[in-house]
Amino acid sequence: MRGLLARRMKFHLLGAFVVSLGCATLYKFGVAEPRKRAYAEFYKSYDPMKDFQAMKAAGVLECAPPK
C-alpha cells in the first residue's frame, strides 16, 4: 500500500492530460476550423448595403423607416 496514491496520481495525471489534449484537438478540427471556413465563405459574397436595404424595406429598422 506504500506509495499507492503517488503511483495512481501519476497515471491519472498523464491520462487527464492526454484526454484533454485529445478533446482540444477534436474541438479545433471538428468545430473551430469548419466554423472559420463557413464564415469566410459567407463573407466572400456578403453585401452589407444590400442586406441593409432589404431590412429597411421590410420595416425591421426603427431608425430607417421604409419608403
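Which side chain does Lys 36 meet in a salt bridge? The partner is Glu 33, with N and O 3.5 Å apart. A salt bridge here means a side-chain nitrogen of Lys or Arg within 4 Å of a carboxyl oxygen of Asp or Glu. Before going on, a word on the ground rules: this is a predicted model, where local features need pLDDT of at least 70 and side-chain atom pairs count only at pLDDT 80 or more, while totals for chains, interfaces and linings use all residues. Residues are numbered from 1 along each chain as its sequence is written, and side-chain values use heavy atoms, with hydrogens and water left out.

Let's start with the overall build. The protein has two helices and zero strands; both kinds of element are DSSP runs numbered from the N terminus, with helices (H or I) needing at least four residues and strands (E) at least two. Helix α1 covers residues 4-44, and helix α2 covers residues 48-58. Along the principal axes, the C-alpha atoms fill a box of roughly 85 × 25 × 10 Å. The radius of gyration is 26 Å, whereas a compact globule of 67 residues would come in near 11 Å. That radius is taken over C-alpha atoms, and the globule rule is 2.2 Å times the number of residues to the power 0.38.

Now back to the charges. Side chains of opposite charge can pair when their charged atoms come close. The structure holds three salt bridges. In the one we opened with, Lys 36 and Glu 33 sit three residues apart in helix α1, so about one helical turn separates them. Lys 36 is exposed, at 52% relative accessibility. Glu 33 also pairs with Lys 28, at 2.9 Å from N to O, and Lys 28 is partly exposed at 37%. Further along, Lys 44 bridges to Glu 41, with the closest N and O atoms 3.6 Å apart. Again the two residues are three apart in helix α1, so about one helical turn lies between them. Shared partners tie Lys 28, Glu 33 and Lys 36 into one network.

Taken as a whole, the 12 positive and 5 negative charges have mean positions 21 Å apart. For that count, Lys and Arg are positive and Asp and Glu negative, with His and the chain ends left out; each charge is placed at NZ of Lys, CZ of Arg, CG of Asp or CD of Glu.

Leu 14, Phe 17, Val 18 and Leu 21 form a nonpolar surface patch with about 420 Å² of accessible area together. Patches take residues with over 30% relative accessible area and no salt bridge, joining like charges within 9 Å and nonpolar side chains (Val, Leu, Ile, Met, Phe, Trp, Tyr) within 5 Å. Phe 17 lies in helix α1 and is exposed at 52%.

Val 19 and Arg 37 are 18 residues apart in sequence and 26 Å apart in space, C-alpha to C-alpha. Ala 57, in helix α2, is ten residues from Lys 67 along the chain, with 7.3 Å between their C-alpha atoms.

Methods. Buried < 20%, exposed > 50% of the residue type's maximum accessible area, 1.4 Å probe, protein only. Areas by Shrake-Rupley, 256 points an atom, 1.4 Å probe, with all protein chains shown as cover.
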